[in-house]
Each structure stands twice: as structure tokens, then as C-alpha cells.
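Me: I am new to this structure and would like to go through it with you. Could you show it to me, please?

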Amino acid sequence: MTKDITARPANAAEDWTIPQDWASYSAAEHHMWDHLFARQAAMLPGRVVPEFMAGLDMLRMTKPGIPDFDELSERLMKATGWQVVAVPGLVPDRVFFEHLANRRFVAGRFIRTPEQIDYLQEPDIFHDVFGHVPLLAHPAFADYMRAYGEGGLRADGMGAIDRLARLYWYTVEFGLIRQNDGLKLYGAGIVSSYGESVFALDDASPNRIGFDLRRLMRTRYRIDDYQQSYFVIDSFEDLLRQTVETDFAPLYAELNGSEGLDVDTILPSDRLYHRGTQDYARAKAGAV
Ligand code: PHE
Ligand code: FE
């Protein structure tokens with residue numbers, strides 16, 4: 001999410017949006033999108049939740065080139081009332097929440113360069129749009145994102161953004177979901193990453209733990225490498241119901257000032273799908 005942002009760039013509107021200026025993308029930029037798209041589209045079927053593929057299809061994101069936000073918004077609006085708007089980069093928390101609460105998803109307009117194909121610090125349009133937008137066509141997920149925006153505004157007033165951010169991280173960005181034929185991916189940070197699309201589902205290293213709202217809001221996360229624990233929801237409807245029906249204020253109060261659980265902690269109460277070996281993280285830690 002959002003850190004250390006000071007001034008709004010001169011070209012941005014008061015709500016921090018800028019024109020996508022779709023016509024100004026170069027052939028090389030469209031080509032980069034097509035390359036990233038082809039790589040993920042070849043790998044994801046069978047691994048990603050089918051609702052994601054349905055969203056790609058429904059929004060016509062399968063057509064070549066960087067998507068035009070106006071076209072995406074027109075289709076999304078009909079499906080779930082959402083729009084996609086461009087911003088210069090990270091935006092302040094309140095601005096981000098305000099947009100979500102009004103069913104506007106904010107996306108960067110820039111695309112990574114060839115040197116950044118597999119690793120980049122800040123989310124680009126491929127992460128923001130390929131990763132996040134398809135599921136906004138799904139009614140329960142779309143409602144969850146809107147509710148999250150309202151929850152964010154409320155959390156801000158209670159000084160609890162850091163705890164709420166863990167919910168976003170372990171669902172919207174790095175969530176797994178259980179289906180009849182096994183675990184599937186749905187988090188945008190996973191599905192937009194070539195390496196993590198395999199790692200999150202198939203590698204023996206990370207823990208895979210059943211979703212538990214309070215547990216997850218206690219759990220720290222890492223922003224520099226693959227996750228060491230993933231949390232598995234039962235369905236988007238269940239995620240929506242649990243988060244909307246729970247008053248977070250007592251949770252925030254309870255967790256206030258607590259250290260937070262380590263990224264690889266396993267609790268006796270955890271519903272474990274897989275106990276991770278943490279071999280990957282250990283090897284990385286050893287390599288100086
Ligand atoms: N129910 C939460 C609260 O009381 C709001 C929320 C809903 C937060 C859905 C996140 C997702 O603050
Ligand atoms: Fe993201």
C-alpha cells in the first residue's frame with residue numbers, strides 16, 4: 001500500500017488521478033504488456049481461481065496491448081459498478097481508501113522496462129491491472145473491495161491502518177482460495193508474478209493456513225521476497241461476510257501495541273493445509 005508520500009504532483013487532480021493518456025503508449029510498451037500477459041496466461045489456467053479467468057474474458061483483457069482504462073471501466077461498471085482510474089504512483093492512505101469506498105480502483109499507468117521484467121519495487125500497470133482488475137468483475141469480491149475502502153477510512157480514524165493493511169496483504173495481494181479440486185490463487189501479487197504463481201501453490205517452503213481474521217491481522221508480512229505464509233479463504237462470499245459482519249474496533253484495540261506474529265509462525269489453533277519447510281527462506285537468509 002502506501003508509505004511516506006508528501007506532495008501531490010502538479011499534474012494530478014485533487015483526488016490524485018491523472019489521465020491514462022492511452023494514445024501515448026509506445027509500441028515497445030504494448031509489447032511488454034503482451035509478453036507479460038502471454039507468460040501468465042499460459043501458466044494460470046488450473047492454478048488461478050476460474051473467476052479470475054472469467055473476469056479477463058468478460059473485460060476483453062485477452063485482446064493485445066495495454067488496456068484502455070475507459071474501456072475497462074465501461075465493462076466493469078455494467079458488471080459491478082467499478083471503474084479503473086490512473087494515478088502517478090503511490091497515493092496517501094486516505095486517498096486510496098476514499099477511491100475504493102467509491103468503487104474506483106487506482107492503477108499506475110507506467111509499465112516496467114525490460115530490465116525489470118521479474119522484479120520491480122513499485123507496482124506497475126501490469127500488476128495493478130492484470131493482477132487486480134479481473135476479480136473486480138466478480139460481485140462478492142467487488143463488494144469486499146468497496147467495504148475494505150470504508151473499513152480503511154474507519155481504521156485511519158482509530159490509528160489502526162497497519163493492522164488492517166495485513167488483511168489486504170494476505171487476501172487481496174497474496175490470498176489463496178480452497179475449491180473442490182484443491183487450492184487456487186487469487187491474490188494480485190501472486191497472479192501477476194511469474195515466480196510466485198508457482199511458489200505459492202506448489203513449493204514445499206511456505207505455510208498454507210486456513211483464513212482466520214484475527215490471526216491474520218496479527219501476522220506481519222514481508223515486502224522484499226516471496227511470502228512465508230499464505231492464508232486460504234473458503235470462498236469470496238465467506239470472506240465478504242466475515243469481514244463485513246465483524247466490528248473491527250475491538251480487534252484493533254486488542255492488537256494495539258502488540259508486536260505481531262512472525263511471518264513463519266504456526267499456532268496450535270491454525271487450520272493447516274500445509275506446514276512449510278521454510279527451506280526457501282532459510283536458503284535466502286544464508287546467502288549474503
Ligand atoms: N467490518 C470492518 C470494520 O468494522 C470494515 C471492513 C469490511 C474492513 C470489509 C475490511 C473489509 O471496520
Ligand atoms: Fe497490488
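Me: Which residues does Tryptophan 33 touch, not counting residues up to four places away in sequence?

Reply: In this predicted model, Tryptophan 33 touches Met61, Gly65, Ile66, Pro67, Ile111, Ile125, Phe126, Val129 and Phe130, residues up to four places away in sequence being left out; contact means heavy atoms within 4.5 Å. Local features need pLDDT of at least 70 and side-chain atom pairs pLDDT 80 or more, while totals for chains, interfaces and linings use all residues. Residues are numbered from 1 along each chain as its sequence is written, and side-chain values use heavy atoms, without hydrogens and water.

Me: And how many residues has the largest nonpolar core?

Reply: The largest nonpolar core has 85 residues, and Trp33 and Val133 have the most contacts inside it. Its largest share, 8 residues, comes from α6. Such a core is a set of buried (under 20% relative accessible area, 1.4 Å probe, protein chains only) Ala, Val, Leu, Ile, Met, Phe, Trp, Tyr and Cys residues joined through side-chain atoms within 4.5 Å.

Me: Changing topic: which element gives the largest share of the lining of the second largest pocket?

Reply: That is α6 (139–157), with 7 residues. Of the 16 lining residues, the closest to the centre of this pocket are Ala147, Gly151, Thr243, Val244 and Phe248. A pocket is an open set of points on a 1 Å grid where a 1.4 Å probe fits, with protein on both sides within 12 Å along at least five of seven lines; lining residues have an atom within 4 Å of a point.

Terms used. Chains are lettered from A and ligands numbered from 1 in the order in which they are written. Helices (H or I, at least four residues) and strands (E, at least two) are DSSP runs, numbered from the N terminus. Buried means under 20% relative accessible area, exposed over 50%, partly exposed in between (1.4 Å probe, protein chains only).
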